[in-house]
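Good morning, and thank you for coming. Please look at the display.

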Amino acid sequence: KDNIKVLSSTVIADDCITADILATSLFIMDKEGISLIDKMNAVEGLLIVAKDKKMNLIESSDFNIYYK
């Protein structure tokens, strides 16, 4: 891995159980998990990560529809 530490993961899905399971998986998988989320229907994800003492956001392709 490239020195990335996951601080938080968020998943939006049709039901809470799916979102919770995927958010936990996303937290463990980090960036590779976003690629998996992008392949799923009706699911979006967001990671907040720390790299080189800076926080960054890594989003699934359509996550931004929830805040723009």
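Let us begin with Ser9, which touches Ala23, Leu26, Phe27, Leu46 and Leu47 when residues up to four places away in sequence are left out. Please bear in mind that this is a predicted model. Ser9 belongs to strand 1. Is Ser9 buried or exposed? Its relative accessibility is 17%, and the cut-off for buried is under 20%, so Ser9 counts as buried. What does its side chain reach? The side chain of Ser9 comes to 2.7 Å from the backbone oxygen of Ala23.

Three strands form an open sheet in the order 1-2-3, and their pairing is antiparallel. Strand 1, residues 4–12, and strand 3, residues 54–59, are at the edges; each has a single partner strand, so one side of each has no neighbour in the sheet. From one strand to the next, the twist averages 20°.

How many bridges join strand 2 to strand 3? There are six, and strand 2 covers residues 44–51. Two residue pairs illustrate this pairing. Ala50 stands opposite Met55 of strand 3, and Leu47, one of the residues that Ser9 touches, has Ile58 in strand 3 as its bridge partner. The hairpin of strand 2 and strand 3 has two residues between the strands, and there Asp52 adopts a positive phi near 55°.

Next, the helices. Helix 1, residues 16–29, lies across strand 1 and strand 2, and runs at about 165° to strand 1. Helix 2, residues 31–38, also packs on the sheet, where it touches strand 1, strand 2 and strand 3. The direction of helix 2 makes about 165° with that of strand 2.

Finally, I come to the nonpolar core. Which residues have the most contacts inside the largest one? They are Val11, Leu26, Ile37, Leu47 and Val49, in a core of 13 residues. At least two residues of this core come from each of strand 1, helix 1, helix 2 and strand 2. Helix 1 contributes the most, with four residues.

Thank you for your attention.

Key: Residues numbered from 1 in each chain as written. Predicted model: local features only at pLDDT ≥ 70, side-chain atom pairs only at ≥ 80, totals over all residues. Heavy atoms only, no water. Pairing = 2+ DSSP bridges. Axes fitted to C-alpha atoms, helices over the stretch in contact; angles between N-to-C directions. Contact = heavy atoms within 4.5 Å. Buried < 20%, exposed > 50% of the residue type's maximum accessible area, 1.4 Å probe, protein only. Polar contact = N/O pair within 3.5 Å; in protein donor to acceptor, adjacent residues only side chain to side chain. Core = buried A, V, L, I, M, F, W, Y, C linked by side-chain atoms within 4.5 Å.
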